[in-house]
Amino acid sequence: MTAAPSLPAAGPRTGSAHSVRDTVPAALWDKQVHLLMRDHPYDSVMAMRVLGQGYAYLLTAMRHRGERLGLAPSTLVDVGVHTVILDTVTYLELCERFNDGHFLHHVPEVEAKDDGSVLRTADLIAADGWEVDWPLWTDAAKCGPCHPGSDSH
């Protein structure tokens, strides 16, 4: 991945939220938007929304590595997460850059649960200064941490 601006400072927002489009290189963004459109019934607008929230989720999970917060994406946001992590070369580069060189593993659980973790995750993403596309987070009546109490997602 090419050089891009660093992550926004954590803490309460005092201005407008940061967009992941300012962090993800344009060529990579375009490629992943097209992958979403290829694999899902999304137009470009929906693909960009889903991808942006997937990145915001992953970058927040990386920022809070070791805090064992039980973060969880919504069903729609998880589609964006998988688009990012399945491009393993660029995902490894993302982990090296934003997760102090530690690979953020994906360890899915079979059972989904309705414990409020999805909306708590969206709140944390907003508190970290990222744009939150709230309608994409409210689809999750039943979802939960991929692997509770670990540094995976």
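Visitor: Is leucine 92 buried, partly exposed or exposed, and why?

Guide: In this predicted model, leucine 92 has a relative accessibility of 38% and therefore counts as partly exposed, since that class lies between the 20% limit for buried and the 50% limit for exposed. Leucine 92 is found in helix α4, which covers residues 88–98.

Visitor: How far apart are leucine 92 and leucine 104 in sequence and in space?

Guide: Leucine 92 and leucine 104 are separated by 12 residues along the sequence, and their C-alpha atoms are 8.6 Å apart in space.

Visitor: Which residues is glutamine 32 in contact with, once its neighbours within four places in sequence are left aside?

Guide: Glutamine 32 lies in helix α1, residues 26–39, and because its relative accessible area is 0%, glutamine 32 is classed as buried. Leaving aside the neighbours within four places in sequence, glutamine 32 is in contact with Leu51, Tyr55, Thr83, Val84, Asp87 and Thr90.

Visitor: How many residues of α2 are buried, and how far does α2 reach from its first C-alpha to its last?

Guide: Helix α2 is mostly covered, with 14 of its 20 residues buried, and α2 reaches 28 Å from its first C-alpha to its last, close to the 28 Å expected at 1.5 Å a residue. At the start of α2, a side-chain oxygen of aspartate 43 comes to within 3.2 Å of the backbone nitrogen of valine 45.

Visitor: Which residues of α5 are buried, and what do they pack against?

Guide: As a general idea, an α-helix has 3.6 residues a turn, so residues three or four places apart point the same way. In helix α5, residues 117–127, the buried residues are Ser117, Val118, Thr121, Ala122, Leu124, Ile125 and Ala126, and the buried residues of α5 pack against α2. Just after α5, glycine 129 adopts a positive phi of about 95 degrees.

Notes
Residues numbered from 1 in each chain as written. Predicted model: local features only at pLDDT ≥ 70, side-chain atom pairs only at ≥ 80, totals over all residues. Heavy atoms only, no water. Buried < 20%, exposed > 50% of the residue type's maximum accessible area, 1.4 Å probe, protein only. Helix = DSSP H or I, 4+ residues; strand = E, 2+ residues; numbered from the N terminus. Contact = heavy atoms within 4.5 Å. Expected span 1.5 Å × (residues − 1). Polar contact = N/O pair within 3.5 Å; in protein donor to acceptor, adjacent residues only side chain to side chain.
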